[in-house]
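Here is a short note on the aromatic rings in this entry. Please read it with the structure open.

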Amino acid sequence: MARQSVFFVSPFLILLGDTKMKTLNVDVAVIGGGTAGLGAYRAAKAHTDSVVMIEGGKYGTTCARVGCMPSKLLIAAAESVHQIEKAPGFGIHPQGEIVINGQEVMARVKSERDRFVGFVLEGVDEIPAEDKIIGYAKFADDHTLMIDDHTKVIAKRIVVATGSRPAYPGVWNELGDRLIINDDVFEWNDLPNSVAVFGPGVIGLELGQALKRLGVEVIMFGLGGQVGPLTDPDVMAYAYKSFNEEFYLDADVQVESMKREGDVVEIQYIGKEGELKKITVDYVLATTGRRPNVDQLDIDNTSLELDARGVPVADYYTMQTSVSSIFIAGDASNQLPLLHEAADQARIAGDNAGRYPEIRAGLRRSKISAVFSDPQIAMVGETYKELTTRLGTCGCFETGFVSFEGQGRSRVMLRNKGMLHVYGEHGTGRFLGAEMIGPNAEHLAHLLAWAHQSKMTVAEMLDMPFYHPVIEEGVRTALRDLNAKLHLGPDMIKHCLDCGPGC
Ligand SMILES: Cc1cc2nc3c(=O)[nH]c(=O)nc-3n(C[C@H](O)[C@H](O)[C@H](O)COP(=O)(O)OP(=O)(O)OC[C@H]3O[C@@H](n4cnc5c(N)ncnc54)[C@H](O)[C@@H]3O)c2cc1C
Ligand SMILES: NC(=O)c1ccc[n+]([C@@H]2O[C@H](COP(=O)([O-])OP(=O)(O)OC[C@H]3O[C@@H](n4cnc5c(N)ncnc54)[C@H](O)[C@@H]3O)[C@@H](O)[C@H]2O)c1
């Protein structure tokens, strides 16, 4: 990827030291050249030509390089193995052993990943060279950025779009190259034999399950019982049970010791029956969360107000921080660390940095998230936790339910695992949100998110067309159940037509 355009700085100037540092005066400086940085740069450029984008690492974005895209490529390979393994359930018996060629799997992941990264790099190439600065930015004050030791940027407005990075206990570094994070997985040339995944969150479930299906021995450990991003206890319990059918998952493990022994890691932990267990694995994969990249920006040199995690406090609709000329976008904001959110926040932050001081509230869409596990997990609108926090125990909302175990089309396809909870408001009948684990959850979540953003009532959603036989009929069952519980529709009948097979 030797396509990065480099901002030219004469070595002679550097040798002469600080006094010869290049100084640039600009209207807008964007820190970070990832999804949010690129979006903010473009949005600001619509208002002024005087915009620079500062990138300290590699161009190509986290999403394309080590995030969304390579993880989905690995999952796609795993899904193809799973399809073959499931075939006997239909009376189809593939002959011979399934051979998983780890080198070929990783070669495809990397070559397709490089293709996606290439598209991003083409976009970066189109940005004029004088608008791009290579180097790590740090704040000197509210308007001044020092880029490494070569450039001082004095900016009327600044957008912080520095992304996030994996966060894990520092003591794990003692494992050396046996400790890996998601970035490392996509550098593998072959698949390992065994991995202990710490953190059954979004990344842990996606990568851990994919590796398991690709023939890697996987064991997964969590803390505090959390599985995925779910907050509804019933849906989370289902997810826990479901993933445990495929690999050992203890979402609240007690690890007694973890140490490197030659080229493997030895882990002693307390098993679910209270017994001491010992395993050795090739790698420990740390997927224990991500932290916003705002701690190395010398933010103390600014007058920015920070939250408890040290992240600049920002308005949800304008992305403006407590310093009116500084905006923030993407994972750095710690609001919703998802790709589409990074893009939306970037548009808002860049537009406002460009048009400043006349700032505008931007569109924040209904919340939607999906985990590309199998079954998939998805969440829409307000989470169960947010609803119970906001509404307490006033009995102001109800939960509609469907199980995908008996749902017609899901069963036809042998994908009848999962459940959906939909939440609705008493009195108004408004659809508030949903949490689910189940087949095609990514698609069901989109339907529900569109309804949520349209502020539809449950009754209005039930007026929409539903084809037959489709998994979406399960959504209708959950909505009917919800409508009945809200006393806005008839009681559910047992074994309703669209719930079961043969409907
Ligand atoms: C394994 C994985 C899978 C994911 N899958 C999905 C998914 O399926 N769907 C989804 O919606 N989201 C997914 N995400 C999340 C998504 O990738 C992020 O939300 C998104 O990439 C954030 O974009 P960003 O612009 O904020 O950060 P980045 O793209 O990381 O950009 C930040 C940039 O800032 C640069 N930078 C940092 N500090 C400085 C500095 N001081 N000076 C100059 N430059 C600096 C960095 O080098 C980096 O290039 C996934 C993430 C991971 C890790
Ligand atoms: N499909 C997607 O949209 C997608 C995919 C991947 C990542 N992402 C984004 O990336 C973010 C980060 O993902 P993530 O999976 O790293 O974080 P996460 O917050 O989703 O999960 C971290 C998990 O690690 C556990 N944990 C924390 N410390 C631990 C420890 N010491 N030992 C064992 N477990 C521990 C937590 O309890 C939690 O379950 C996500 O919040 C998401 O926004 C999105």
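Predicted model: local features only at pLDDT ≥ 70, side-chain atom pairs only at ≥ 80, totals over all residues.

The points below cover the annotated domain, the ring pairs and the charges over rings.

1. An unreviewed UniProt entry places the feature "domain: FAD/NAD(P)-binding" at residues 27-346. The end C-alpha atoms of that span lie 17 Å apart.

2. Ring pairs. The count comes to twelve aromatic pairs. Phe243 and Phe247 form one that is stacked. Their centres are 6.3 Å apart, with 25° between the planes. Phe243 and Phe247 are buried.

3. An edge-to-face pair. The ring centres of Phe327 and Tyr356 lie 6.4 Å apart. Their planes meet at 80°, so the pair counts as edge-to-face; the cut-off for that is over 60 degrees. The pair links distant parts of the chain, 29 residues apart. Phe327 belongs to strand β17 (residues 326-328). Tyr356 is in the loop between α9 (339-355) and β18 (368-371).

4. Phe327 has a relative accessible area of 0%, so Phe327 is buried. Tyr356 has 24%, so Tyr356 is partly exposed. The cut-off for buried is under 20%.

5. A cluster. Which residues do ring pairs link into a cluster? They are Trp172, Phe198, Phe221, Tyr248 and Tyr269.

6. Charges over rings. The charged end of Arg364 sits over the ring of Tyr316, 3.9 Å from the ring centre. Arg115 has its charged end over the ring of Phe116, at 6.0 Å from the centre.

Methods:
Residues numbered from 1 in each chain as written. Chains lettered and ligands numbered in written order. Heavy atoms only, no water. UniProt positions renumbered as here; feature names shortened; annotations may be inferred. Helix = DSSP H or I, 4+ residues; strand = E, 2+ residues; numbered from the N terminus. Phe/Tyr/Trp six-rings, centres within 6.5 Å; stacked < 30°, edge-to-face > 60°. Buried < 20%, exposed > 50% of the residue type's maximum accessible area, 1.4 Å probe, protein only. Lys NZ or Arg CZ within 6 Å of the ring centre and 35° of its normal.
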